[in-house]
Amino acid sequence: MISKTKLVNLLFLLGFPVYGIGTYMMFDPSFSWTSGLFFSTLPFLAIIVFHVLDMVHQGRVTPHVNGVFWICFAALLSLDGSLLLGLRNNSPVLTPANSAVLAIQFTTPFLAAVIVQVYNRAEDGFDWAAMILKGLLIFVAVNLLGVGAGLHNKLHSFEGRISMPFMLGIYEAAHILSFLNLLLLFRLRDFDRKPLQFMGYLGLYLVNMAVIMSVNSRLSFMIFFVVTVLFVTKIARAARGLYAISIFTMPLMMSFALLIYEILSLPFFTAILSRVDKKDVTTFNGRTYIWESAWDWVTQDQRGLIFGNGYNGQYRLRMLEHVAKLWNEPSSYNLHMHSAFLEIVVNQGLVGLGLMYLVYWHAYKNYRREYVNNTAMAPLYGGLVYLLFVWQIDITGFGYFLGFMMLFQLMAPFCIRSSSLTYRRKDLAGNWLS
């Protein structure tokens, strides 16, 4: 008979490919957007329902969560609350039905990940980094099977560039594969003792790199390259200010746009990046037009600055009308800020942004400790640093995008009371920690 723990772990792993298939359904005319989004939550929702039924069967509720859990939950409630405000402001992208499903999708992956920790709290050698790695590898494998079957991304795709079908756009693929390769980077060790395992991880790493190159996302590759250098050179071990530096990612990039263009114009980068156009690079493919509009709102308009303007708040402010005209879009309501950081500020205000900064701070502080102590969870610090920088300059760290889901799932181990954890842990080499 399968144990409760194994069942919950299996459902969690299935959550990754099912999420991907759900995103495909969202933009397939055979399904509705809402039904696809709901489908993407099913394994995570099943974990929550199973846990509730298990507690009812046992006849008791034992609290295992700590204060960090409530910080994360407050950040998610802020996002869920923006849906209600968006409905009140008559956002054209929201209905009562899809708002309810969005709230479910925002919240269930995190709660499911916390429940996984609860069921594994006494399992010696439980490896959260390995579980995340397995889930993402299954996710990528399903996408590659989709590519082999001739499917393409329903949201957008480009001639001559690989189109991973079960992701929210092709650029999401670059982010997730960059995150995954930073995890695999920590596995490229012990060639003398485990040559076959080393070669297996190296093969996966190289396949992912080939896909990243085919997607040809300059922003994601640039962040991935810098983060890789930080870890390969061990600078990340000595650097204590990465969190503080990450806060200024967007202004630093905009200030040094010309320098970034000069760097990307070097022979090494032009050989691997086929699109190095000066205007595209210095405006970050037109993103600066959006970001400057947000700055004008912060310094001049300031409506909703404290508590936000609700989901899709930029449309309430008509902030991106000029961008819609520039990009030949019929309306600005379906545009986003191309920055999770700005999306949160506009939609949820400084209150929502403050909560997200708290979440990122706890993630950074805890995973840096795991990395310095060389525990089995150390690889997740590489992925976390990538998310820490990329959320300012792309949308992956917001809402139903996978970067947002990954951040909150990474937080799960630190949401459990230390007194509830009785398992023995291992270091990165597989030795038991004292």
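**Salt bridges**

Author: Arginine 425 and glutamate 370 form a salt bridge (a side-chain nitrogen of Lys or Arg within 4 Å of a carboxyl oxygen of Asp or Glu), with their closest N and O atoms 2.6 Å apart. The model is predicted: local features need pLDDT of at least 70, side-chain atom pairs count only at pLDDT 80 or more, and totals for chains, interfaces and linings use all residues. Residues are numbered from 1 along each chain as its sequence is written, and side-chain values use heavy atoms, leaving out hydrogens and water.

Reader: Where do arginine 425 and glutamate 370 lie?

Author: Glutamate 370 is in helix α19 (residues 340–372) and arginine 425 in the segment after α21 (402–411), so the pair ties together parts 55 residues apart in sequence. Helices here are DSSP runs (H or I, at least four residues), numbered from the N terminus.

Reader: Is glutamate 370 buried or exposed?

Author: Buried, at 5% relative accessibility. Buried means under 20% relative accessible area, exposed over 50%, and partly exposed in between (1.4 Å probe, protein chains only). Arginine 425 is partly exposed, at 26%.

Reader: New topic. How many salt bridges does the whole structure have?

Author: Six, by a search of the whole structure. One of them joins aspartate 54 to lysine 4, with 2.7 Å between the closest N and O atoms. Aspartate 54 is in helix α3 (residues 42–58) and lysine 4 in helix α1 (residues 4–26), 50 residues apart.

Reader: And how accessible is aspartate 54?

Author: Aspartate 54 is buried, with a relative accessible area of 8%, while lysine 4 is partly exposed at 40%.

Methods
Helix = DSSP H or I, 4+ residues; strand = E, 2+ residues; numbered from the N terminus.
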